[in-house]
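Here are my notes on the model you sent over.

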Amino acid sequence: MIDFSVFVFYAFAAVLLAAGAGVIVSRNPVHAALWLVLAFFSGSGLWMLLEAEFLAISLVLVYVGAVMVLFLFVVMMLDINLDRLREGFWRYFPVGGLVALLMVGELVLASLSKNFATMGRNLPAAPADYSNTRELGMLLYTQYLYPFELAAVILLVAIVAAIALTLRRRTNTKYQNPAQQVRVKRADRVRMVDIASGETAE
Amino acid sequence: MSTIPNFAPAAAEILLLALVSLVLVIDLYIDQARRALTYYLSQGTVLLTVLVLVNHVNTAPVFTFSNMFVDDTLGRVLKVLVLLTVSVVFAYGRQYAEERDMLKGEFFSLILFATLGMMVLISANHFLTLYLGLELLALAQYALVALQRDSARATEAAMKYFVLGALASGLLLYGMSMIYGGTGSLNLQEVAQGLASGRVDHVVASVGLVFIVAGLAFKLGVVPFHMWIPDVYEGAPTAVTLFIGSAPKIAGVAFFVRMLGEGLAPLAHDWQQMLVLLAVVSMALGNITAIAQTNLKRMLAYSTISHMGFVLLGILAATQQGYAAATFYISTYTLMALGAFGVMLLLSRAGFEAEQLNDYKGLNKRNPWFALIMLLVMISMAGIPPSVGFFAKLSVLRAALDAGYTWLVVVAVLLSLIGAFYYLRVIKLMYMDEPEDTSPIGGDLDVRVLLSVNGLAVLLFGILPQPLLSLFNHAVVQSLR
């Protein structure tokens with residue numbers, strides 16, 4: 001009789017692997033994005049099993065709720081030519097497959113080693129009033145203050161880079177200037193012309 | 001429960017971050033006509049940071065931020081070199097960027113952020129800070145390559161760089177996670193202790209090591225992980241190539257020394273064999289492929305690959321002498337790269353990139369002085385005495401010889417002889433051919449003076465290499481155990 005949590009672990013892990021494979025093999029990019037959502041869900045299930053509630057919830061909130069929705073929008077807006085993406089797949093398959101096989105072999109060897117068999121056996125049980133979020137916050141602002149600040153700087157660089165690469169004034173496009181539209185006077189738009197009967201306005 | 005960390009050892013990093021943020025904000029309020037102010041502010045930022053670094057040097061390493069940050073002599077020396085290099089990059093690249101509508105605030109702020117990343121990397125004592133420093137550097141570099149957004153070549157180069165860089169980061173992280181799984185720590189000293197204790201399974205440690213070395217090799221651009229170097233060098237605007245080809249190499253070598261020389265030192269026997277292979281193929285492929293190039297930027301890209309092979313010779317000795325030789329080599333290489341790209345930037349003008357080898361034909365008739373500077377840089381890259389490149393090669397070869405790699409030294413000497421061919425071809429083009437292009441050579445006075453000093457330094461340190469060599473020896477002895 002296996003432990004229930006072991007059963008849950010294998011269930012989530014199997015779904016995670018299947019979803020990961022789905023991201024790679026699905027032909028439709030929208031489907032791939034949805035598979036990724038499923039992968040995030042199962043990943044957060046695994047974290048929940050490890051009693052890392054904060055991480056599990058933020059994974060769902062941030063990645064599934066925000067990032068993947070944006071991602072889906074982008075995928076739908078882009079015109080992705082799948083045939084061009086798949087070009088040369090079979091030509092590179094032997095080399096790629098060989099490298100992949102080698103890596104799988106290495107990973108299997110490493111994970112079978114006695115090193116990981118004994119890991120995590122003697123973890124102390126958390127007390128009932130243990131708050132995951134509080135502990136994470138404590139660590140982030142004390143022991144991991146320096147990497148935490150560095151991560152903030154990296155985000156700042158990402159913002160600067162994204163703006164530098166996308167923002168520019170294009171002079172040849174037609175766009176509306178709301179301020180100008182609001183400020184417009186009647187005289188700018190309407191011209192009163194007196195036309196005597198029988199004549200035509202030029 | 002936890003006391004406030006000691007901020008003093010990281011004073012230079014903190015100052016740099018504060019000043020970069022200031023430059024970023026001030027630049028928003030400056031119109032294009034007065035962009036020169038951003039340039040002077042950036043130069044001031046760099047020089048102030050240098051002053052803070054040289055103000056006080058500890059004799060023994062000081063750790064702070066939960067031992068994630070180390071302030072030692074080697075770190076200070078390398079950081080000062082990185083900052084001085086960045087200052088020269090700004091000076092050389094300014095006019096080029098201006099003529100190509102690239103002289104925006106982001107050109108300066110991204111380079112300064114990348115500099116911060118390099119400083120973090122150089123001072124890292126923890127896998128996490130090593131990785132974050134690297135990403136900070138890399139992210140700014142990807143954006144810099146793509147900064148000229150209407151150039152299809154630059155965009156393609158940036159895309160390749162980004163995808164391969166992300167792959168390398170993935171490899172590196174995977175290797176780090178393996179080592180963490182084995183030793184239970186991310187701190188470099190604790191990792192070294194854990195590995196030395198022998199309780200870590202050898203398979204886990206070596207799988208982790210393979211991934212880490214592959215990731216490191218990607219970042220430094222050694223064969224077989226070099227594919228991005230020629231495309232990025234050629235595709236990026238020359239002012240950005242100058243940056244990518246200079247300062248980050250110093251940080252890359254610091255990364256190797258910290259990661260392999262400190263954290264994974266107990267596995268030296270394993271990584272030495274890997275580096276031997278990487279060094280030989282880099283020197284061979286770099287030197288032989290460079291001969292076939294007609295584009296000077298591509299030629300210098302392949303030459304970089306072969307130089308990185310030489311740097312690995314110093315690192316794979318796994319001795320203090322070897323690390324000192326490797327850092328000496330990379331510093332002199334940076335000096336030469338600045339000189340070579342500096343001349344290239346001097347000859348470029350609006351609408352003309354002096355990047356084909358034929359553009360250098362008859363340079364001696366057009367401007368004998370800068371032809372001489374280029375000559376000095378080229379003989380130094382080829383490793384011909386009395387230039388500093390000769391002593392750099394000599395010191396890494398001696399380190400490898402003392403570590404018992406006699407055959408490797410013989411191979412390296414033979415390959416650098418092959419390499420001498422393409423450097424000498426540039427000299428032949430400059431001195432023996434007739435010029436095809438007779439337009440005057442521009443450049444501001446400060447750039448001309450700086451470039452002259454740069455070129456003469458290659459000769460000066462070649463005649464008097466001892467002070468520089470002993471500086472690195474001293475720094476390594478004080479910093480690494």
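1. First, the ground rules. This is a predicted model, where local features need pLDDT of at least 70, side-chain atom pairs count only at pLDDT 80 or more, and totals for chains, interfaces and linings use all residues. Residues are numbered from 1 along each chain as its sequence is written, chains are lettered from A and ligands numbered from 1 in the order in which they are written, and side-chain values use heavy atoms, with hydrogens and water left out.

2. Cavities. Searching the whole structure turns up four of 30 Å³ or more. A cavity here is a set of points on a 1 Å grid over the protein atoms alone where a 1.4 Å probe fits but cannot get out, and its lining residues have an atom within 4 Å of a point. Points are joined across faces, edges and corners, and the volume is the space filled by probe spheres set on them.

3. The largest cavity holds about 220 Å³. Which residues lie nearest its centre? They are B:Gln141, B:Tyr161, B:Lys219, B:Leu220 and B:Trp228, out of 20 lining residues. Helix 5 (127–145), helix 6 (152–183), helix 8 (202–220) and helix 11 (247–263) of chain B each give two or more residues to that lining. (Helices are DSSP runs of H or I with at least four residues, strands are E runs of at least two, and both are numbered from the N terminus.) By class, the lining has 15 nonpolar, three polar and two charged residues; Ala, Val, Leu, Ile, Met, Phe, Trp, Tyr, Cys and Pro count as nonpolar, Asp, Glu, Lys and Arg as charged, and the others, Gly among them, as polar.

4. The second largest cavity has about 50 Å³ of space. Helix 18 of chain B supplies the largest share of its lining, five residues. Among the lining residues are B:Asn287, B:His307, B:Lys393 and B:Tyr423.

5. Salt bridges. Look at B:Arg153 and B:Glu355, whose closest N and O atoms are 3.3 Å apart. B:Arg153 sits in helix 6 and B:Glu355 in the loop between helix 14 (320–347) and helix 15 (363–366) of chain B, so this pair ties together parts 202 residues apart in sequence. B:Glu355 counts as buried at 7% relative accessibility, while B:Arg153 is partly exposed at 39%; buried means under 20% relative accessible area, exposed over 50%, and partly exposed in between (1.4 Å probe, protein chains only). Through shared partners, salt bridges join B:Arg153, B:Glu156, B:Lys160, B:Asp231, B:Glu234, B:Lys297, B:Arg298 and B:Glu355 into one network.

6. B:Ser185 lies in the loop between helix 6 and helix 7 (188–197) of chain B. Is B:Ser185 buried or exposed? With 8% relative accessibility, B:Ser185 counts as buried. Its side chain makes a polar contact with the side chain of B:Glu190 at 2.7 Å and reaches the backbone nitrogen of B:Asn187 at 3.1 Å. (A polar contact is a pair of N or O atoms within 3.5 Å; within protein, one must be able to donate a hydrogen and the other to accept it, and residues adjacent in sequence count only if both atoms are side-chain atoms.)

7. B:Met118 belongs to helix 4 (residues 105–122) of chain B and is buried at 0% relative accessibility. Leaving out residues up to four places away in sequence, B:Met118 touches B:Val82, B:Leu137, B:Phe243, B:Ala247, B:Pro248 and B:Ala251, with contact meaning heavy atoms within 4.5 Å.

8. The bond joining B:Val223 and B:Pro224 is a cis peptide bond, with omega about 5°. The peptide bond from B:Pro385 to B:Pro386 is also cis, with omega near 10°. B:Ser66 has a positive phi of about 55° although it is not a glycine, and B:Asp101, in the loop between helix 3 (73–99) and helix 4 of chain B, has a positive phi near 60°. B:Asp101 is exposed at 63%, whereas B:Ser66 is partly exposed at 37%.

Notes: 1 Å grid on protein atoms, 1.4 Å probe; cavity = no way out; pocket = protein on both sides within 12 Å on 5 of 7 lines; lining within 4 Å. Salt bridge = Lys/Arg side-chain N within 4 Å of Asp/Glu carboxyl O.
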